[in-house]
Amino acid sequence: MNKSILIVDDDQDFSDLLKGIFQQAGYDVHTAFSAEQGFEMLEKANVSLIVSDHRLPGGLTGTEFLNQLRKRGVNLPVIFVSGFLNDEAIRELIRDGVEGIFIKPLNIFSLLKKASDILDAKEKENGGNGDSDKDESGKGARHIGRIMGESTSGKDFIKKARKASGFRRNLLLIGPKGTMFEDIARDIVGLAEDKQRCEVLGPGSVTADRLSALLEGELAESPVTLVVNEAESLSEEEVEAILNFGDEKGGSDSPLRMIFCLSRSVEDLYEDEVIDDELYLFLGANEVHVPPLAKMPEDLLEIAKVEIQEQSKEAVFDTKLRTLLLSHQWEENFVELRSVVIRAVSLAQPLPPTVRHFEAALDPNQADASTLDDVRSTFERFLLQEKQRYEEAMQMVTGKSP
Amino acid sequence: MSKPIILIDDEEKFAVMLHELLQGSGYEADYCLNPEEALVRIKQENYQLVITDYKMPQMDGAEFLQEARRINPDLPVIMISGLMNMPELIKVANIGVTLVLEKPFNIEDLLENVARFVKPSASEQATAEAMDMEASEISFQQEKVTVTYPSPASFLSDASNENKRFLETLWNSANSSRHLPFYTQHGAEVRQVAMEIMNWTGHEVCSDVVRIEFADTDKEITLNWFMDSEGFPGALLVDLRDVEWDDAAKEKFSDWVNFVETCGKDISMSRIMYVLPMGARFELSEIGMKEAHASMFSSDYPVLLSLRDRLLDTAAYINRFLGEKEKEAIGTDGLAQLLHHPWPGGYIELQEKLAEISRLSELAEDISTDQLSNVLHADVINEVPSAICLNAGTYLRRRQREYILLHRKPGEDLKDTVLRLGIDSDNVSVDDVLEDKELAFPGVLAG
């Protein structure tokens with residue numbers, strides 16, 4: 001767990017005191033003497049909790065500091081320590097989401113207890129990152145290829161992928177058409193404790209030279225994962241190059257490991273003679289299956305939401321849109337989802353897309369251009385309608401035209 | 001029925017006032033006078049928000065908060081109190097209170113915060129969707145909603161498209177089903193709905209519609225009344241708006257339906273309407289009931305929206321209850337004032353206050369706007385809002401505010417809501433919209 005604290009206080013003595021207390025309790029401590037220094041420190045260091053004085057240099061109050069942090073997108077928990085606070089200031093801090101307030105003279109034990117409670121709660125929320133034995137659920141863990149594990153199949157996939165992430169030699173990623181293999185493979189590699197190199201090759205880009213470059217010179221001992229896209233479509237020469245490279249450099253103690261992306265299980269591919277004996281034996285049977293999008297309804301919605309918001313921040317993700325997305329088959333999975341989102345967004349330009357734009361994007365043949373002509377938002381139509389009603393109601397009761 | 005908010009205050013008067021305030025703004029809430037009892041209910045129910053006093057005789061707010069956090073660490077808790085000192089404030093801050101409001105508190109402030117935490121309930125969603133549906137279907141050429149029920153309706157106003165849709169759904173259901181649940185708020189025109197149905201089913205319409213509280217449905221006196229009556233009422237209202245919808249209530253509901261279906265009276269022409277609170281969860285499958293009985297229920301439960309969302313119905317009722325003489329007495333400004341009033345007490349409030357205006361017009365030829373204000377705000381505890389200029393602009397800005405609050409996602413910053421809904425950013429700023437100074441699309445007023 002990351003137990004790193006940033007102390008912001010311009011009183012050197014008190015800052016040292018706090019630093020000592022937290023260091024003794026096993027925390028990494030960074031210090032800053034002003035809000036500005038604090039912001040700089042946050043860019044450099046990986047901080048998980050801020051402990052700050054309520055009165056900072058430049059007349060900055062705790063509430064203002066908190067607001068500036070939030071404005072910069074820093075959502076870390078903050079504890080304030082202060083000599084005096086009036087009731088209004090405390091209410092403001094509560095409103096702004098402060099995690100703790102301590103008044104001098106300081107009760108060291110309750111401050112330490114508070115800090116560890118906050119970090120424990122935060123860790124629980126993050127699903128105990130990296131500890132696959134403890135976190136069996138898969139939910140709340142880091143996503144893999146945008147799959148959060150919200151659905152039953154998605155959860156199952158996340159669990160298996162996490163378990164498989166420590167593989168030594170080969171991992172086989174099996175997924176239907178349109179699966180974002182590369183994203184998934186990179187995320188699986190990213191689960192490893194140490195930052196691993198990850199190289200992606202596919203049909204047309206595999207050569208003996210490129211392979212050997214992976215472990216050349218000073219890189220010879222550095223762990224690397226080679227991701228092979230569309231492995232079943234490699235040419236004979238490419239397969240041979242990989243097999244040779246694997247025989248030469250691979251092995252259980254080697255820094256090299258490989259992820260092969262396939263459309264079907266190796267057994268099936270072998271049976272249908274898509275892959276030969278040699279490759280079949282080389283690949284092994286360490287398979288992780290990526291479910292089709294339609295089998296993971298809750299994940300589909302989460303992924304769609306992220307994709308849509310990346311394209312258009314103001315887009316509304318309402319029940320109607322959700323129902324529409326769930327009713328589609330998504331035979332080409334992620335790739336199809338991404339292209340539908342882009343199409344809907346471009347149809348709606350310059351306004352955010354609505355359900356009718358997605359309907360049109362999903363079924364280009366039926367897109368009735370005329371229904372898309374009206375670029376006014378529902379909100380504007382609502383106001384317009386209310387104005388008409390107001391006039392009509394006034395006319396009804398007064399008997400006069402407006 | 002399961003409600004999203006629980007209020008805790010040992011002072012009954014304050015609890016009731018807050019409860020009414022929330023209800024008037026479309027939020028259903030439970031209230032408790034004892035924090036210990038509240039903790040038990042928090043364990044059982046799936047509340048989205050707690051609003052509590054700090055100083056209470058049984059336990060103080062900090063203890064209560066600690067216990068509530070133990071049950072559900074993520075439950076938002078708003079504390080309303082006038083008597084908290086600094087150590088107390090710090091204590092609750094460190095236990096993770098969500099918000100502390102000082103008494104006397106600003107009502108708008110509270111409501112805005114409630115909107116942050118309480119997810120739109122099913123029927124608020126229905127209101128939001130109805131608002132959107134009306135807006136997206138508007139062809140700007142006054143297209144009419146097609147209806148198949150005998151129109152115009154005779155008792156319930158169907159001047160608004162919302163009520164046309166409500167009646168259309170009810171008409172289709174009433175043709176094939178005997179038991180007809182629908183959602184609405186307190187004060188709504190439930191008797192008029194029943195009268196409409198009596199009219200449709202060929203009964204002589206009496207304004208004395210039989211209405212019973214659900215709590216009374218298993219009382220001997222009630223059951224005997226039904227058995228001793230000559231026939232079964234043509235239309236019967238069963239009010240479930242104040243019911244705690246627990247397992248016992250579900251069982252009682254099933255018993256009641258069983259009684260109706262097997263009482264031996266001729267009920268072939270009778271319709272039984274169930275008035276459900278807005279946003280409640282009413283699932284037939286959760287009520288253990290004979291399949292034959294369940295099949296007598298309609299499948300669509302329409303929502304009779306609150307009067308504030310149906311301006312044309314308000315206008316129709318004003319015309320129904322005020323004659324030319326009364327209208328002259330209050331004048332055009334007075335009529336505008338009636339249309340601008342949000343009618344938190346619904347049709348019942350409207351009817352009472354229009355009757356009061358009639359009485360006043362007997363006494364004097366003119367009724368001043370101040371007099372009218374006093375009638376409209378007679379039951380408000382706080383001061384009567386100062387008279388503001390009433391025109392399409394003020395009305396639209398109020399509706400705009402309601403629209404924005406209704407479409408806000410939980411936890412969303414209101415500014416983001418406005419940006420998401422759309423704004424004519426060349427001509428107006430988000431702040432002006434949120435401060436009720438401008439419309440998000442000022443062109444609407446000009447066009």
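1. Chain B contains an open sheet of five strands, ordered S2-S1-S3-S4-S5, with parallel pairing. Here strands (E, at least two residues) and helices (H or I, at least four) are DSSP runs numbered from the N terminus, and two strands pair if DSSP finds at least two bridges between them. At the edges stand strand S2 (29-32) and strand S5 (99-102) of chain B, each of which pairs on one side only. From one strand to the next, the twist averages 20°.

2. The model is a predicted one, in which local features need pLDDT of at least 70 and side-chain atom pairs count only at pLDDT 80 or more, while totals for chains, interfaces and linings use all residues. Residues are numbered from 1 along each chain as its sequence is written, and chains are lettered from A and ligands numbered from 1 in the order in which they are written.

3. Within the sheet, strand S3 (residues 49-53) and strand S4 (residues 77-81) of chain B are joined in the parallel sense by four bridges. Asp53(B) has Ile80(B) of S4(B) as its bridge partner. Helix H5 (residues 107-117) of chain B lies across S3, S4 and S5 of chain B and runs at about 165° to S5(B). Angles run from 0 to 180 degrees between N-to-C directions, and axes are lines fitted to C-alpha atoms, for helices over the stretch in contact.

4. Strand S6 (residues 179-184) of chain B is mostly covered, with six of its six residues buried. A residue is buried if 20 or more other C-beta atoms lie within 10 Å of its own, exposed if 12 or fewer do, and partly exposed in between, with C-beta atoms placed from the backbone. Both faces of S6(B) are covered: one carries His179(B), Pro181(B) and Tyr183(B), the other Leu180(B), Phe182(B) and Thr184(B), all buried. S6(B) runs parallel to strand S9 (residues 271-277) of chain B, and six bridges join them. In this pairing, Phe182(B) stands opposite Val275(B) of S9(B).

5. As a whole, chain B has 19 helices and nine strands, and 41% of its 447 residues are buried. Of its contacts with a separation of 6 or more, 70% involve residues 24 or more positions apart. Two residues are in contact if their C-beta atoms, placed from the backbone, lie within 7 Å. Chain A has 17 helices and 12 strands, and 35% of its 402 residues count as buried. For contacts in chain A between residues at least 6 apart in sequence, the share joining residues at least 24 apart is 67%.

6. In chain A, the axes of helix H14 (residues 333-348) and helix H15 (residues 355-362) come within 8 Å and cross at roughly 125°. H14(A) is therefore oblique to H15(A); angles under 35 degrees count as roughly parallel, over 145 as roughly antiparallel, 65 to 115 as roughly perpendicular and the rest as oblique. The crossing is right-handed, that is, the near helix is turned clockwise from the far one by less than a right angle, with anticlockwise counting as left-handed. H14(A) contributes Val340(A), Arg343(A), Ala344(A), Leu347(A) and Ala348(A) to the contact, and H15(A) contributes His357(A), Phe358(A), Ala360(A), Ala361(A) and Leu362(A). These residues divide into eight nonpolar, one polar and one charged. Ala, Val, Leu, Ile, Met, Phe, Trp, Tyr, Cys and Pro count as nonpolar, Asp, Glu, Lys and Arg as charged, and the others, Gly among them, as polar.

7. The contact between the chains takes 35 residues from chain A and 41 residues from chain B. On the side of chain A that touches chain B, the elements giving two or more residues are helix H4 (87-95), strand S7 (100-103) and helix H17 (378-398). H17(A) gives the most, with 19 residues. By class, this side of chain A comprises 18 nonpolar, five polar and 12 charged residues.

8. The peptide bond from Lys104(A) to Pro105(A) is cis, with omega near 0°, and Pro105(A) lies in the loop between S7 and helix H5 (108-125) of chain A. The bond from Ser151(B) to Pro152(B) is also a cis peptide bond, with omega near 0°; Pro152(B) is in the loop between helix H6 (122-137) and helix H7 (161-176) of chain B.

9. Glu230(A), a residue other than glycine, has a positive phi near 40°. Glu230(A) counts as partly exposed because it has 14 C-beta neighbours inside 10 Å. Asp436(B) likewise has a positive phi, of about 60°, although it is not a glycine. Asp436(B) counts as exposed, with 12 C-beta neighbours inside 10 Å.
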